[in-house]
Amino acid sequence: MIFFQINADFRPVATGISTSDLSKADFSPIHCTGCSWSGEIKDLRVNG
């Protein structure tokens, strides 16, 4: 399990609690621990 955030360019970035190397991680699909959503990064929507 790897914890990460998605930046404004829809790229995964490490969080303050994660020291994992994200360069070799598979991000298809991803799962949100806050709302139970799962899917592809390209399917995320920006709220604002």
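**Exercise 1. Find how many salt bridges the structure has, and name the partners.**

*Solution.* Start with the general idea. Side chains of opposite charge can pair when their charged atoms come close. Next, search the whole structure: one salt bridge turns up. The side chains of K42 and D43 form it, with N to O at 3.4 Å. Check the cut-off: the nitrogen must be within 4 Å of a carboxyl oxygen.

**Exercise 2. Describe the largest pocket: its volume, its lining and the elements that contribute.**

*Solution.* First, the volume is about 410 Å³. Second, 18 residues line the largest pocket, and I2, F4, I30, H31 and C32 are the closest to its centre. Third, β1 (4-6) and β3 (30-31) are the elements that give two or more residues to this lining. Last, sort the lining by class: 14 residues are nonpolar, three are polar and one is charged.

**Exercise 3. State the confidence of the model, overall and by element.**

*Solution.* Begin with the whole protein. Its mean pLDDT is 84. Residues that reach 70 or more make up 94%. Then go by element. Confidence is lowest in β1, with a mean of 88. Strand β4 (residues 38-39) is highest, at 92. A caution applies: where pLDDT is low, the predicted coordinates should not be read in detail.

Note on methods:
Residues numbered from 1 in each chain as written. Predicted model: local features only at pLDDT ≥ 70, side-chain atom pairs only at ≥ 80, totals over all residues. Heavy atoms only, no water. 1 Å grid on protein atoms, 1.4 Å probe; cavity = no way out; pocket = protein on both sides within 12 Å on 5 of 7 lines; lining within 4 Å. Points joined across faces, edges and corners; volume = space filled by probe spheres on them. Helix = DSSP H or I, 4+ residues; strand = E, 2+ residues; numbered from the N terminus. Nonpolar A, V, L, I, M, F, W, Y, C, P; charged D, E, K, R; others polar. pLDDT = per-residue confidence, 0-100.
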